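Work through the exercises below with the sequence and the model open. Each one sets a task and is followed by a solution in steps.

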Amino acid sequence: MKNLIVSPAPHAHSGDSVRKNMLLVIGALLPAYAVSVAAFGWGALITAAISVAACVLFEWLIAKFLLKEQPTIGDCSAILTGLLLAFNLPCNLPWWIVIIGALVAIGVGKMTFGGLGQNPFNPALVGRVFLLISFPVQMTTWPRPLGFATSYVDAATGATPLATLKQIVKGGDTGLIDQLPDLWSTFVGYMGGSLGEVCALALLAGGLFLICTKVITWHIPVSILATMALFAWIACPEGMCPGQYIGLTLCTGGAMLGAFFMATDYVTSPMVGWGKIIFGVGIGVIVMVIRTWGAYPEGMSFAILIMNACVPLLNRIRPKRFGEKKQ
Amino acid sequence: MTTFKIGGVHPHDNKSYSAHQPITECPLPAKAIIPLIQHIGAPAQAVVEKGQQVKVGELLAKAGGFVSANIVSPVSGTVTKIDSTIDAWGMKMPAIFMDVEGDEWLETIDRTPDIVTECNLEPKEIVDRIAAAGIVGLGGACFPTQVKLLPPPGKKAEVLVVNGVECEPYLTCDHQLMLEHGEEIMIGIKILMRALGINRAVIGIERNKPDAIARMQELAAQVPGVEVKALKLKYPQGGEKQLIDACIGRQVPSGALPIEVGAVVDNVATIFAVYEAVQKNKPLISRVMTVTGKSLSKPGNYLVRFGTPLSDVVALAGGVPEDTGKIIGGGPMMGRAMNNIDMPANKRTSGLLFLPEKESRRQQPENCIRCGKCVSACPMGLEPYLLSKQAELAMWDEMEKHDVMDCIDCGCCLFTCPSHRPLLDYIRMGKGKVGGIIRARQAAAKAAAEAAKK
């Protein structure tokens, strides 16, 4: 008889892989991306293509020539980082800024720490926040979604609903309430903002798909969104009905994208149920504090990065052991 | 639906290959090798000599301690030598070699097919018969059964939990046994309840065996105190602690035995052996084993006399398939990969699984992506990603603090890991180290206490 293969148990595997998870997340982003392409036209296509290509290329170059190891771009995580970075950028951002963002995301955010699985901060958000601080004007010039525009750099721009909200909440300018979009249009989309934030509905559908396919668990998105809703309900500005404020809070800006896709990044979120819930609540509170009192109209990126830093601490929370008695 | 509360995974059950194949008897070998270690605990001590003639049912080796088991001759013939043999993993073990001559049984054994229902023996007599018959847990752990029936002082058994779960993929021997010998198993349950002085038993069966559930429910309806629980499909439901949790909702604390929560767990195959030993005076000389695999020509459930070379059983099942890459003793989750099939069938061999070459190799491990799936999958509520890293870094104290000794080796962590990391390999190594450290510490404390007395 020929030689038999001998290895320790178990001899079966679920068939799950890193690549499969990454591809499922990319797939879950596609509905939202399709809406973005419909809304922003060439801008959405070009920005995402540059971002994804640059992320993959930088990861390959850094692994091959700086770290001198076998590049692992086959796991598709660089594609996901590139796509998520693009989702967080305005679609008319000059191409070279996108490339700088990709270099910071992959180079500083990920490969410095040893590649996939080692980075403490969400790489796409590291790239985005770097750009936000370095190029504040370009990063906050939001084109209006006007259908299939052919020229992407000269798109018409305008204020986002969150910027209007900021003036109402922080500036007390209640006269602007009439200018807020109605809830339904914020839910289905077509407001100004980052490339991927156009349609809350599409993001929500993608997020639910990820929960159903067990790529992510409910803990983080539910705790983030519930915390934000609760905060909005308590801190509703005068002259607005709480329902409208809660709806706008959850449907505009990076709330959906952040809650379902950015905060749930495996590497930079806690491992255990309760840790995930505390992580989500922390993000929800920080976002609302920034939105209400901070200098920026939106704080999702900062909130997630701040809570990323708490993950090693949150991982000290143990899961419930079998047979453990209540203290 | 009922199941255990923490963790668990859902491997494909792959039972269709050998399910519902009637139990077929395997012919006697010309030469039999009977290992002296077929159970957990001390090796048995041979009581026969070279050249001695023995009949089926005669004692070959007696239990070598409290936690040990008798070994009874499964064949009749002449003892040719008492020497060491190589097991399926290349390790040496002591064994009795016999030339098989005919098939002569001791007259005291009832070989008729009649079912004996009445049992009026005293608990002590029942336990003695079980011990004499050399019965061990046939679910895989091979813990001597009589030891479980003698609770330590101060502990009281309340419920007999019967394991009909067979949560390992591919294996079907317990399922077929319940279908063909349900009546005898039910009598065995009554005998064990009598021996333990209890009046409650719960039989746990997973829902992928609806006919076995129906059969056992029909039989249980006639026996007061016995109940069948249909359990949701989830691995490792057949693990002792998980089964008790699923069947009676009690969680055995860390480091404790089932008796701590008043439970005694026995597998259906063990209970069938108890029936045969107590009612028919037939010691444990054979077992049903599943021989299966996708490419095997005649997968099925075979009744094999101990001592029969596994290669004989494989020949009966159609021979080793061409594409075989790995042969596993037991199921794919906890079974051990073997490097030969020359070793004899014994109390431990619950199944033989032939995996094709392409399913035999593990994938290349990648970086841990900290997805936490291993934590969600662990049925003991441990953190496999952390324990495996600590083992890599030789942090034994930290591993002990993170309860590595609770690990039950079920393999859910490695099964579920998307990065194919060898989590359990490291944890198993760490568990060995930490176990050694704990034993050394206990021994040192004992020695110090004794020195202080003087």
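Two residues are in contact if their C-beta atoms, placed from the backbone, lie within 7 Å. The model is predicted: local features need pLDDT of at least 70 and side-chain atom pairs count only at pLDDT 80 or more, while totals for chains, interfaces and linings use all residues. Residues are numbered from 1 along each chain as its sequence is written, and chains are lettered from A and ligands numbered from 1 in the order in which they are written.

**Exercise 1. Describe the overall fold of chain A.**

Step 1. Take the contacts in chain A between residues at least 6 apart in sequence: 73% of them join residues at least 24 apart.

Step 2. Assign the secondary structure, where helices (H or I, at least four residues) and strands (E, at least two) are DSSP runs numbered from the N terminus. Chain A has 14 helices and zero strands.

Step 3. Compare the radius of gyration, taken over C-alpha atoms, with the globule rule, 2.2 Å times the number of residues to the power 0.38. Chain A has a radius of gyration of 21 Å, close to the 20 Å that the rule gives for 327 residues, so chain A is as compact as a globular protein of that length. The C-alpha trace spans about 85 × 55 × 30 Å along its principal axes.

Step 4. A residue is buried if 20 or more other C-beta atoms lie within 10 Å of its own, exposed if 12 or fewer, and partly exposed in between, with C-beta atoms placed from the backbone. In chain A, 51% of the 327 residues count as buried.

**Exercise 2. How many residues of α3(A) are buried, and what do they pack against?**

Step 1. The buried residues include A:Ser77, A:Thr81, A:Gly82 and A:Phe87.

Step 2. The count is 11 of the 11 residues, so α3(A) is largely enclosed by the rest of the structure.

Step 3. The packing partners are α1, α2, α4 (95-108), α5 and α12 (255-262) of chain A.

**Exercise 3. Describe the contact between chains A and B.**

Step 1. Chain A contributes 32 residues and chain B 48 residues.

Step 2. On the chain A side, the residues divide into 16 nonpolar, 11 polar and five charged.

**Exercise 4. Trace two sheets of chain B.**

Step 1. Two strands pair if DSSP finds at least two bridges between them. One open sheet has four strands in the order β2-β8-β7-β4 (chain B), with antiparallel pairing. Its edge strands are β2 (31-35) and β4 (53-54) of chain B, each pairing on one side only.

Step 2. Follow one pair. Five bridges join β2(B) to β8 (residues 92-100) of chain B in the antiparallel sense, and B:Ala32 has B:Met98 as its bridge partner in β8(B).

Step 3. Another open sheet, of six strands, has the order β1-β14-β13-β17-β15-β16 (chain B) and mixed pairing. At its edges stand β1 (24-25) and β16 (336-338) of chain B, each with a single partner strand, so one side of each is left without a neighbour in the sheet.

Step 4. β15 (residues 324-329) of chain B and β16(B) run antiparallel and are joined by three bridges. B:Gly329 stands opposite B:Arg336 in β16(B).

Key. Nonpolar A, V, L, I, M, F, W, Y, C, P; charged D, E, K, R; others polar.
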